[in-house]
Amino acid sequence: MSVRTIGVVMNGVTGRMGYRQHLVRSVLAINEQGGVTLSDGGKVRLKPVLVGRNADKLADIATKHNISDFTTELDAALADDDNLIYFDAQVTSARVKSVLKAIEAGKHIYAEKPTAESTQEALSLAEAAAARGVKNGVVQDKLFLPGLLKLKRLIDGGFFGRILSVRGEFGYWVFEGDWQEAQRPSWNYRAEDGGGIVLDMFPHWHYVMENLFGRVESVYARAVTHIPARVDEQGATYQATADDAAYGIFELEGGVIAQINSSWAVRVNRDELVEFQVDGTHGSAVAGLRTCRAQHRSATPKPVWNPDLPATARFRDGWQEVPDNAEFDNGFKVQWEAFVRHVSEDAPFPNDFASGARGVQLAELGLRSNAEGRRIEVPQL
């Protein structure tokens, strides 16, 4: 059995997502299991090369995880021929410039979403990667959540009949940063730094809808800033210039209507931080991060509206848990493995920069819908 090692330039690992999900729980976890297994039985191990602006933070991470290579000079990391993959988890506003550098250097590109702040920029990345002949992919981790994998199984098995509607609820209360420290970086709330929940979450909802229910044909959205002032990491008060909540209605091919609320100013009264309810002619299901509950039409109760009498039925008791029927690995790691196989043996990887551009397009049109107060059709890219 052959074992090959390839270098992976990882830009942005000092951030929460880049560090925990991509470095620790994906790249290092892949090496701990012996590498990515290819179709011929061979293995590919990954050598992370850490890149960022803060040398001290990089050194701390490198020391903690026994990583030999780290630098604040992206050009130097890209110049090494042993580094075949470039990964970007920087703030959105810094992504395009760095990714274009990596494309020019001939690296295969894997990037967090959104790939850019505008549709034009996102398309330019897809076009540049195609022209240079480098493989490219965008993180679409929610497709690999156990709850959504179970939901996909129900869809593929014809459980719903004709799907009618999708209702999504996502979010939690992000503390303002004064009396309790905020659990998200302050740049998320500054539009000038690429912040905003529409740009952050609509690309997620796009690939979920596109892969599970069908192409998005129109959007009507209302984006608001519920908390106008917050306190940053240095204890300074700043004005929140980006939206912290968005309420969207999406029309999908086949007549499916999706309503998805996204908010960092909501207190959670649901089982998980994100839940999708899917209603069809033959059955309904509610999927979260890990769980999925379903109710078939044969087991659907027949409630009658009567506000003069207390409800005697416990409606949730009529739903059944969808069994795992499989072992679910970390979704970020699973997608990393798929991208490494894509690079190493040309295995399929549909979540490319073109799909990422469609997600950015939905965010851009959602913000336009909010500004113009109307429904916007989504052109095919």
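Which residue follows helix H4, and is its phi positive or negative? The residue after H4 is Gly106, and its phi is positive, near 80°. Please keep in mind throughout that this is a predicted model.

Let me stay with H4 for a moment. The helix covers residues 92-104. Its buried residues are Thr92, Arg95, Val96, Ser98, Val99, Ala102 and Ile103. For those new to helices, an α-helix has 3.6 residues a turn, so residues three or four places apart point the same way. With that in mind, look along the list of buried positions in H4, for example Thr92, Arg95 and Val99.

Ala77 sits in helix H3, which runs over residues 74-79. Is Ala77 buried or exposed? Its relative accessible area is 5%, and the cut-off for buried is under 20%, so Ala77 counts as buried. What does Ala77 touch, apart from its neighbours within four places in sequence? Its contacts are Val9, Val49, Val51, Thr71 and Asn83. Leu125 lies 48 residues from Ala77 in sequence, and the two C-alpha atoms are 20 Å apart in space.

Two packed helices are described by the angle between their axes and the distance between the axes. Here the pair is H5, residues 119-132, and H9. Their axes come within 8 Å and cross at roughly 175°. Angles over 145 degrees count as roughly antiparallel, and H5 and H9 are therefore roughly antiparallel to each other. On the H5 side, the contact is made by Thr119, Ala122, Leu123, Leu125, Ala126 and Ala129. On the H9 side, Phe353, Ala354, Ala357, Val360, Gln361 and Glu364 take part. Sorted by type, the residues of this contact are 9 nonpolar, 2 polar and 1 charged.

How many cavities of 30 Å³ or more does the structure hold? The count is 1. The volume of the largest cavity is about 50 Å³. Two helices, H7 (197-212) and H9 (353-372), each supply at least two residues of its lining. H9 gives the most, with 4 residues. Among the lining residues are Ser355, Gly356, Gly359 and Val360, along with Pro203 and Tyr207. Others include Lys113, Pro114, Thr115, Val138, Val139 and Gln140. By type, the lining divides into 6 nonpolar, 5 polar and 1 charged.

Key
Residues numbered from 1 in each chain as written. Predicted model: local features only at pLDDT ≥ 70, side-chain atom pairs only at ≥ 80, totals over all residues. Heavy atoms only, no water. 1 Å grid on protein atoms, 1.4 Å probe; cavity = no way out; pocket = protein on both sides within 12 Å on 5 of 7 lines; lining within 4 Å. Points joined across faces, edges and corners; volume = space filled by probe spheres on them. Nonpolar A, V, L, I, M, F, W, Y, C, P; charged D, E, K, R; others polar. Buried < 20%, exposed > 50% of the residue type's maximum accessible area, 1.4 Å probe, protein only. Contact = heavy atoms within 4.5 Å. Axes fitted to C-alpha atoms, helices over the stretch in contact; angles between N-to-C directions. Parallel < 35°, antiparallel > 145°, perpendicular 65-115°, else oblique.
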